[in-house]
Amino acid sequence: AREPVSLVMVTSADVLWIEVLEDQLLRREQLQLIAAMARAVRGTKVHCAHQQFDWPPAHQSALSNAKGGMADMLKGFIQRLIRDHATQQIVLMGTCDCLPDTGLSMLEVPSSVSMLRDGSLKQQAWDVLKPLRARA
């Protein structure tokens, strides 16, 4: 059996931010940091909304046994977000070995948790994110 996994996905304009949550907990500071990065990239008026994807699903045990399991569920979940928000760009914060291929370009930055622990990582993230701003 795989470890339980929780992902937070934040949509902001055409960017989808994804991070694996350590200990399955989403902290307010993480959302604030992601929102700040989203505004830096897409302007101060960008609307951010977040959803959490938990595996195994706590309340739907039948899904846990679904054929294809988590990979298919996660892919469907992400594809729905991409479709609903006309996502063009994915930003993966930290590592995630379960992310399906969406065909979209993906930038990788440190996790929000690690940036909150070590502020110097924010510069590293910004170096990666800067080109996004130029296109906006």
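A salt bridge is a side-chain nitrogen of Lys or Arg within 4 Å of a carboxyl oxygen of Asp or Glu. Keep that in mind for the close-ups below, which all come from a predicted model.

View 1. How accessible are the partners? R27 is partly exposed, at 30% relative accessible area. D23 is partly exposed as well, with a value of 46%.

**View 2. R42 reaches D14 from a distant part of the chain.** Here the closest N and O atoms are 2.6 Å apart. R42 belongs to helix α1, which covers residues 28-42, while D14 lies in the loop between β1 (5-12) and β2 (15-20). Is R42 buried or exposed? R42 has a relative accessible area of 18%, and because buried means under 20%, R42 counts as buried.

**View 3. E22 and R117 meet through their side chains.** This salt bridge spans 2.9 Å from N to O. Which parts of the chain does the pair link? E22 sits in the loop between β2 and α1, and R117 is in helix α4, residues 112-117. That puts the partners 95 residues apart. E22 is partly exposed at 35% relative accessibility, whereas R117, at 60%, is exposed.

Notes: Residues numbered from 1 in each chain as written. Predicted model: local features only at pLDDT ≥ 70, side-chain atom pairs only at ≥ 80, totals over all residues. Heavy atoms only, no water. Helix = DSSP H or I, 4+ residues; strand = E, 2+ residues; numbered from the N terminus. Buried < 20%, exposed > 50% of the residue type's maximum accessible area, 1.4 Å probe, protein only.
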